[in-house]
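Here is a walk through one protein chain, written for someone who likes to have the structure open while reading.

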Amino acid sequence: MKIVECDDEAKLREFYDKRISQEVDGSVLGAGYSGYTFKISGGNDKQGFAMMQGVLTNRRVRLLLNKDSKLYRPRRKGERKKKSVRGCIVGADLATLNLVITEVKEGALPIPGLTDVQIPRRLGPKRVGKIRALFGLSKDDDVRQYVLGREFTNKKGKRVVKKPKIQRLVTPTVLQRKRRILSHKIKAIQASRQAAQEYARLFAQRAKERRESERARSSRRRSSRRQSARA
């Protein structure tokens with residue numbers, strides 16, 4: 001990050017009426033930025049109110065914000081609040097404007113304090129696939145030996161090495177857990193099928209008994225009718 005102060009109105013006029021996420025050619029800021037392309041990522045007005053994406057105005061407005069809104073963090077569940085936000089269109093009332101480099105053309109001069117130094121990555125990859133891709137490892141190599149850690153001094157003055165937990169690492173324990181879950185699923189399916197078969201058998205048996213009882217009852221009725229007719 002680098003802070004650049006600019007008071008030239010001719011240079012600032014190139015940013016007016018542009019919105020957040022629009023790109024600007026760096027040559028408008030001077031020859032030292034020629035070859036760079038900047039994207040507007042935000043800013044603040046002179047009273048400190050931040051620009052909000054989606055508010056299509058170049059002034060300050062008051063909006064009712066909730067937990068899904070930007071620039072607002074509710075303190076209680078379901079809380080909403082009216083807050084003043086700055087629109088996403090650049091104007092003359094801005095005090096700061098945030099720019100992000102999106103493209104560097106060939107032959108562009110390095111910007112002192114920004115692109116002339118290489119800042120190493122503080123943290124390495126955590127996922128197994130990305131670790132293998134970074135070091136060119138095969139599936140037979142032990143990924144745990146290549147995890148990047150960082151060494152620092154804790155509050156007690158002791159030097160410790162901190163390494164991240166590897167994500168998606170396939171170990172014998174993971175395979176055993178998968179086999180156990182699969183066996184439980186297979187047993188559950190078999191038990192369900194057996195219960196369905198037992199239910200079907202019992203249902204057929206009850207239906208057969210009901211039909212036989214109905215047949216016996218109707219037979220008794222017919223016999224009683226014949227006897228009454230003879231009498």
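## Rings, cores and a greasy patch

Start with the aromatics: ring pairs join Tyr33, Tyr36 and Phe38 into a cluster. Keep in mind throughout that this is a predicted model. Altogether, four aromatic pairs turn up. Tyr33 and Phe38 make one of them, an edge-to-face pair with the ring centres 6.2 Å apart and 65° between the planes. Are these two residues buried or exposed? Both Tyr33 and Phe38 are buried.

Setting aside residues up to four places away in sequence, Tyr33 touches Val4, Gly26, Ser27, Phe38 and Ile111.

Both members of that pair also show up in the largest nonpolar core, which has 14 residues. The residues with the most contacts inside this core are Phe15, Leu29, Tyr33, Phe38, Ile40, Met51 and Val90. Which element gives the largest share of this core? That would be strand S2 (residues 36-45), with three residues. There is also a second, separate core of six residues, and Met52, Val55, Leu65 and Val85 are among them.

While you're on strand S2, have a look at Thr37, which sits in that strand. Thr37 counts as buried because its relative accessibility is 10%, and the cut-off for buried is under 20%. Not counting residues up to four places away in sequence, Thr37 touches Glu23, Val24, Val100, Ile101, Thr102 and Glu103.

Together with Tyr146 and Leu148, Leu134 and Phe135 make a nonpolar surface patch of about 350 Å². How much of these side chains is on show? Leu134 is partly exposed, at a relative accessible area of 46%. Phe135 is partly exposed too, at 35%, and Tyr146 also counts as partly exposed, with 35% relative accessibility.

Leaving out neighbours within four places in sequence, Phe135 is in contact with Tyr146 and Leu148. To get your bearings, Phe135 and Lys2 are 133 residues apart in sequence, and their C-alpha atoms are 32 Å apart in space.

Back to ring pairs for a moment. The rings of Phe135 and Tyr146 have their centres 5.5 Å apart and their planes at 45°, so this pair is tilted. Phe135 lies in helix H2 and Tyr146 in the loop between H2 and strand S6 (150-153), so the pair ties together parts that are 11 residues apart in sequence.

## Charged pairs

Side chains of opposite charge can pair when their charged atoms come close. How many salt bridges does the structure hold? It holds seven, and the table gives some of them.

| Salt bridge | N to O distance |
|---|---|
| Arg144 and Asp142 | 3.2 Å |
| Glu151 and Arg159 | 3.5 Å |
| Arg201 and Glu198 | 2.4 Å |

Where are Arg201 and Glu198? Both lie in helix H3 (residues 172-230), three residues apart, which is about one turn of the helix. Arg201 is partly exposed with a relative accessible area of 45%, and Glu198 counts as partly exposed at 42%.

Most residues other than glycine have a negative phi. With that in mind, two places deserve a look.

Ser21 has a positive phi, near 85°, and is a residue other than glycine. You'll find Ser21 in the loop between helix H1 (9-12) and strand S1 (23-25). At 43% relative accessibility, Ser21 counts as partly exposed.

Leu71 isn't a glycine either, yet its phi is positive at about 65°. This time the place is the loop between strand S3 (60-65) and strand S4 (81-86). Leu71 is partly exposed, with a relative accessible area of 39%.

Conventions
Residues are numbered from 1 along each chain as its sequence is written. This is a predicted model: local features need pLDDT of at least 70, side-chain atom pairs count only at pLDDT 80 or more; totals for chains, interfaces and linings use all residues. Side-chain values use heavy atoms; hydrogens and water are left out. Patches are made of residues with over 30% relative accessible area and no salt bridge: like charges are joined within 9 Å, nonpolar side chains (Val, Leu, Ile, Met, Phe, Trp, Tyr) within 5 Å. Accessible areas come from the Shrake-Rupley method with a 1.4 Å probe; for residues, only the protein chains shown count as cover. A salt bridge is a side-chain nitrogen of Lys or Arg within 4 Å of a carboxyl oxygen of Asp or Glu. Buried means under 20% relative accessible area, exposed over 50%, partly exposed in between (1.4 Å probe, protein chains only). Contact means heavy atoms within 4.5 Å. A nonpolar core is a set of buried Ala, Val, Leu, Ile, Met, Phe, Trp, Tyr and Cys residues joined through side-chain atoms within 4.5 Å. Helices (H or I, at least four residues) and strands (E, at least two) are DSSP runs, numbered from the N terminus. Rings of Phe, Tyr and Trp (its six-membered ring) pair if their centres lie within 6.5 Å; planes under 30 degrees apart count as stacked, over 60 as edge-to-face and the rest as tilted.
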